[in-house]
Amino acid sequence: MKRVFAFIGFSVAITLIVLNLVSFKYSYIVLFVAVTLFLASLLFKSLRKAGVVPVVLGSVAFASCIFIAAYTGTFLPQSQLSGQVCQSRIKIISVCEETSGGYTCVAKTESINAPDAPQNIKVKLNCEADLGIDYYTDFDATVQFYSIADTAFESYSYFGDNIFLTARIISVDQVYEQEKTPGYYFLEIRQSVLKILEQGFSGDVLGLASGILLGDKIYLSDNVVDGFQVCGTSHIIAVSGLHISVICLCLYNLLKLFDCSKSVRIVVSLTVLFVYSGVVGFPKSVLRAGIMLTVILISKLFNQKGDTLNSLGIAVFIMCLNPFAVSDVSALLTVTAVLGILVITPQLEALLNVKNKVLKYLWNSVCISLGVLFSTMPVMWFVFGQISLISILLNILVVPLVQVALVAVALYVLFFGIPFLSFIPRALGEFVLNIIIWVNKFCSEKLGFLFLNVKDEIFGVAIFAVLLFVGISLIVTKKVEIKSALVFICAVFAVTGILNMYQVNNNAYVYISQNSVVAFYDRDCCIAIGVNSKDDYYDFSQFKRESNYYIDCSYAECEDGFAVESDGRVSDAFYVDFQGDSIILTVYNKTFKINDDCVIIDNNLFYRNLQDRFSSQDEITLVVAKED
């Protein structure tokens, strides 16, 4: 059987995705069915000889076992600490970030003084003020624990990092001095690199430089981040396989230019790969790409041609040893993107035989963008509910520019302090970064209509139909006829797009986030209520329209107050009035009452992650009590 590791890795990953979405009790059923079918498959010679079915079923059984073990042995014991106030010995293991409510970082407990409490666990540490305690320094504190979420996909990737609890600092009792671990020096290098970048760049250029080199977006303005999201180029400011591949392969070829031996090139490249991964914090996208690069480089040492799909399968399998890692959005996107490049892109490239080198490069780039778009679409629909068609063409320009900028910024940091050697890469990096920012700003403003909201269930049905078509083709013909598939995909999404346009043009929508941001929007305008922090702003930004109105919003990016015409009409769907301490928003003919925990609509109870649409046959009235 070819590519056995690909079958194992992806079978384990798909199983874990399903188990993280359904109730835990079903994991025992999945395990029982998988083991039964695995043993049954061994009785049939044809299945046993082919190997695919036993390998897949064995992988499903293995995935079920590690999920059950992690859930019962790690998640449940830690979740029992939720709500408890305990004396704990803690050390901070990440850079502290300032938030609207204080400071947050990742910490590790050395001990927790509570009966049967798990020890040596990672937590998300929250505190009202900067503690002023150095990284990897033990200190005693009184903390209160809270569960981050009930499931991995609700945890915003924290479960994937083995973080199941938030710890709120009540008081710090004693700080201890001790020797530093290697992790401390990784953080020190990161902070030193940031200081170097601060001396060479400023504003959004500094933000983009730190984003492409370190994955740090704290210096980027919200408008620029929104522009990258609209253009579908946010991946360039999250360190992933693209970034480490550029750095490691440039280094490998540079050493080759200086006639270094193959073993020296490989050892140096792997060393830089490990150090760079540590500096950026070992994110899963980097670990996946790092494992793949390691396999490829080691295969070069033995003069073997590495199989990229098999290498990806190995990387996915290793990541899945933490069964909650499949909930990490960046990991899902990078793995599916690589799958698209490896599987879909070659099929698209074969449709045209382009001889001209320039046209061939452009055609290959378009095929890569399309392959990535198709392969990541299920993840984009499930996680974000949005896709950017601009990215198909924009990535052709942006990705090469990012590669140049990444090398230039890295050289500037490397040669910092040497006037001539650092000036040239700094100037080149600033020039290219400004181009990237301008291009994204221009495209997000002029082509924003190509940034589509696909949260509607109709898009989910369309994606399911496409996947079903591909699956049936593989079962019946053992291959996918790319031309037939493209015709089917175009037909499905053409119908879907027409239906969605009809809905958007004839409906008003309500969205209430878990952070209590309330947004009402139609095709022309959006009314936001309670945008009081940067996180709230990001929740709301996906619903921006040409006309935006803000009510009781304190975040700096929002306008102060609320201005409408005297009759209160802001669009065909929305009418606003003020009565005493309340704001009354009328959208057709339905009544909403918002309180702290839930939404009551016609005596039906909903939690705050409500999202729905309403037509002109309904009438909606929203009543929100104004804050003092």
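1. Basis. The model is predicted, so to speak of local features a pLDDT of at least 70 is needed, side-chain atom pairs count only at pLDDT 80 or more, and totals for chains, interfaces and linings use all residues. Residues are numbered from 1 along each chain as its sequence is written, and side-chain values use heavy atoms, with hydrogens and water left out.

2. Overall make-up. The chain has 18 helices and 19 strands (DSSP runs numbered from the N terminus: H or I of at least four residues for helices, E of at least two for strands). Of its 628 residues, 45% count as buried (under 20% relative accessible area; exposed is over 50%, and partly exposed lies in between, with a 1.4 Å probe and protein chains only). Among contacts (heavy atoms within 4.5 Å) with a separation of 6 or more, 66% join residues 24 or more positions apart.

3. Largest core. In soluble globular proteins, nonpolar side chains tend to be buried together. The largest nonpolar core here holds 50 residues (a core is a set of buried Ala, Val, Leu, Ile, Met, Phe, Trp, Tyr and Cys residues joined through side-chain atoms within 4.5 Å). Two or more residues each come from α5, α6, α7, α8 (241–257), α9 (262–279), α10 (284–301), α14 and α15 (419–446). Helix α14 gives the largest share, nine residues.

4. Leu208, Leu213 and Ile436 have the most contacts inside the largest core. Leaving aside residues up to four places away in sequence, Leu213 touches Val193, Leu197, Val239, Tyr276, Val280, Leu406, Val409, Ala410 and Val413. A second, separate core has 34 residues, including Val12, Ala13, Ile66 and Phe67.

5. Aromatic pairs. The whole structure contains 18 aromatic pairs (rings of Phe, Tyr and Trp, the last by its six-membered ring, with centres within 6.5 Å; planes under 30 degrees apart are stacked, over 60 edge-to-face, and the rest tilted). Phe201 and Tyr412 form an edge-to-face pair, with centres 5.5 Å apart and 70° between the planes. Because Phe201 lies in the loop between α5 (182–200) and α6 (203–214) and Tyr412 in helix α14 (residues 391–414), the pair ties together parts 211 residues apart in sequence.

6. Neighbouring rings. Tyr412 also pairs with Phe416: the centres are 5.9 Å apart and the planes at 80°, so this pair is edge-to-face. Tyr412 counts as buried because its relative accessibility is 4%, whereas Phe416 is partly exposed at 35%. Elsewhere, ring pairs link Phe24, Tyr28, Phe67, Tyr71, Phe75, Phe159, Phe164 and Phe324 into a cluster.

7. A helix crossing. Helix α7 (residues 222–231) and helix α18 (residues 534–541) have axes that come within 12 Å and cross at roughly 35° (axes are lines fitted to C-alpha atoms over the stretch in contact, with angles from 0 to 180 degrees between N-to-C directions). The contact involves Asp222, Asn223, Val225, Asp226 and Gln229 of α7 and Lys534, Tyr537, Tyr538 and Ser541 of α18.

8. A loop with positive phi. Asp116 is in the loop between β3 (102–113) and β4 (122–127), and Asn120 is also placed between β3 and β4. Phi is near 55° for Asp116, a positive value in a residue other than glycine, and about 55° for Asn120, which is not a glycine either. Asp116 is exposed, with a relative accessible area of 82%, while Asn120 is partly exposed at 44%.
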